[in-house]
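This report describes the architecture of one protein chain. Please examine the sequence and the structure before reading on.

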Amino acid sequence: MTAETSLPTGQDLISEINRLRKEKNAIILAHYYQTADIQDMADFVGDSLELSRKAAETDADVIVFCGVKFMADTAKILSPEKIVVLPDMDAGCSLEDSCPPEKFKAFREAHPDHIALTYINCSTEVKALSDVIVTSSSAETIISQIPEDQKIIFGPDRHLGGYMSRKFGREMLLWPGVCIVHEAFSETELLKLKAQHPGAPIAAHPECPPNIIDHADYVGSTSGILQFAKTFEGDTLIVATEPHIIHQMEKAIPEKTFIGAPGADGNCSCNICPYMALNTMEKMYACLRDLEPRIEIEEGLRLKAKQSLDRMLEMASGTIGKGDLGRV
């Protein structure tokens, strides 16, 4: 790295980020799965869609989205007039990768009598091919409004779709995508941990496979899990989702103990999202300084994708980001 491109460190790095965000009228958003230092720098911490909605409501000119690309894309869909930057453009998502738009389009065409409910963890192109976008907090509300005789395609997360199918007793065509983070949890290791902490409830994200969900005392979105952490009886909670969410729990409820559910061998860090981890404080600084890498979406595509997001907001606006803590 040359002297011209060298980056500040330590407190100087924090000071420079604060200077740049004021100078450029920028808002910093951080998903719950970001590292603690990034969360602590953010103006808002939360679920992906709620962050985008918060940013759209502000007078910021620039959105720095510390998350993964589909989240930054969603922010651009909702705020086309704002500059949206992502610290690392390689921060993708296994669910998005599992659902290529051309294959999803062919799947839809093969089932013309089905509507497509699509989890927000997908590309802009797939959103444009969908009827209604759902989040883990809004899916139940939306499905409950769809007539029982209406056939449904649910993608790209087969575990979230399967959970909803079981809960509502409705058959759905499930796209075979999974989240690599939530797939990493081990039922055997979870039961060992439960035995070590008798009485401790388990809170799980619905992206987890059924053998993890079956042991959960609470199943919900990241925001929902945070609210459960604040209200459960007892002093210890086992958390089956990406472990960086625990930072917000410890800040909000320091008197309680939170334990991340274990991966395959009980010790591995395989339940840490490798895509979220690509974002760093240094990259946040660089993207604020340069306003790159920048999210750009062709206007026709953006409007098509926005239609499916708007339908979700019309059907379930009260559930989006429910329990979001904001900046703590």
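## Cysteines

In this predicted model, C208 is buried, with a relative accessible area of 1%. C66 is likewise buried, and its relative accessible area is 0%.

How many disulfides does the structure hold? The number is zero. In general, a disulfide is a covalent bond between the sulfur atoms of two cysteines. The cysteine sulfur closest to that of C66 belongs to C287 and lies 6.5 Å away, which is too far for a bond; the cut-off for a disulfide is a pair of sulfur atoms within 2.5 Å. C208 is in no disulfide either, as the nearest cysteine sulfur, that of C179, is 8.2 Å away.

## The sheet containing β1 to β4

Four strands form an open sheet with parallel pairing, and their order is β2-β1-β3-β4. The edges are taken by β2 (44–46) and β4 (83–85); each has a single partner strand, so one side of each is left without a neighbour in the sheet. From one strand to the next, the twist averages 20°.

Strand β1 (residues 26–31) runs parallel to β2, and three bridges join the two. Within this pair, L29 stands opposite F44 in β2. Helix α4 (residues 69–78) packs on the sheet and touches β1, β3 (62–66) and β4. The direction of α4 makes about 155° with that of β3. Helix α15 (residues 281–290) also packs on the sheet, touching β1, β3 and β4, and its direction makes about 160° with that of β3.

## The sheet containing β9 to β12

Another open sheet of four strands has the order β10-β9-β11-β12, again with parallel pairing. Here β10 (218–219) and β12 (257–260) stand at the edges; because each has a single partner strand, one side of each lacks a neighbour in the sheet.

Strand β9 (residues 202–204) pairs with strand β11 (residues 236–240) in the parallel sense over three bridges. A203 stands opposite V239 in β11. Helix α11 (residues 187–196) packs on this sheet, where it touches β9, β11 and β12, and its direction makes about 175° with that of β11.

## The nonpolar core

In soluble globular proteins, nonpolar side chains tend to be buried together. The largest nonpolar core in this model has 103 residues. Those with the most contacts inside this core are I17, V64, L117, M249, F258 and M284. Helix α4 supplies the largest share of the core, six residues.

Which residues does L117 touch, not counting residues up to four places away in sequence? Among them are V132, V134, I142, I143 and I146. L117 also touches I152, I153, F154 and G155.

Note on methods:
Residues numbered from 1 in each chain as written. Predicted model: local features only at pLDDT ≥ 70, side-chain atom pairs only at ≥ 80, totals over all residues. Heavy atoms only, no water. Pairing = 2+ DSSP bridges. Axes fitted to C-alpha atoms, helices over the stretch in contact; angles between N-to-C directions. Contact = heavy atoms within 4.5 Å. Core = buried A, V, L, I, M, F, W, Y, C linked by side-chain atoms within 4.5 Å. Buried < 20%, exposed > 50% of the residue type's maximum accessible area, 1.4 Å probe, protein only.
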